[in-house]
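The following note concerns the model shown below.

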Amino acid sequence: MLPEYNLINQNVAEEIRSTVDSDCVLSNAEDLELYAKDTSELLRIREMVVQPDTTAKIAQLIKLANHHRFPGTPSGTGRGLVGGALAAHGGVVSKFHRIRP
């Protein structure tokens with residue numbers, strides 16, 4: 001049985017934006033469509049794409065996901081062949097390209 005997830009409502013979206021900085025969040029339809037696929041033929045629209053720039057922000061995002069019961073999916077370059085990093089249940093997709101060692 002799959003766990004039940006919640007949609008991201010406006011209050012949760014604002015909490016995410018304030019946690020990871022609003023300039024790290026993409027939520028308009030055009031941006032979401034860009035991140036909805038990889039090189040497979042699958043298409044999964046997510047509710048938000050978050051591009052945190054620190055590991056602390058990633059930790060906070062995971063805490064928010066657990067607290068509000070929305071799915072979070074880590075994503076790499078988007079070149080996967082089988083859809084493994086696509087948001088199968090909506091929620092937030094995290095891109096980690098802004099994090100620097």
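Leaving aside neighbours within four places in sequence, with which residues is Val 50 in contact?

1. Val 50 is in contact with Ile 16, Val 20, Cys 24, Val 25, Leu 61, Val 92, Val 93, Ser 94 and Lys 95, contact meaning heavy atoms within 4.5 Å.

2. The model is predicted, with local features needing pLDDT of at least 70 and side-chain atom pairs pLDDT 80 or more, while totals for chains, interfaces and linings use all residues. Residues are numbered from 1 along each chain as its sequence is written, and side-chain values use heavy atoms, without hydrogens or water.

3. The axes of helix α1 (residues 10-20) and helix α3 (residues 55-68) come within 9 Å and cross at roughly 165°; axes are lines fitted to C-alpha atoms over the stretch in contact, with angles from 0 to 180 degrees between N-to-C directions. Helices are DSSP runs (H or I, at least four residues), and strands are E runs of at least two. α1 and α3 are therefore roughly antiparallel (angles over 145 degrees).

4. This contact is made by Val 12, Glu 15, Ile 16, Thr 19 and Val 20 of α1 and by Lys 57, Gln 60, Leu 61, Leu 64 and His 68 of α3.

5. Lys 57, in helix α3, is buried, with a relative accessible area of 14% (buried means under 20%, with a 1.4 Å probe and protein chains only). Not counting residues up to four places away in sequence, Lys 57 touches Thr 19, Val 20, Asp 21 and Pro 52.

Conventions. Parallel < 35°, antiparallel > 145°, perpendicular 65-115°, else oblique. Buried < 20%, exposed > 50% of the residue type's maximum accessible area, 1.4 Å probe, protein only.
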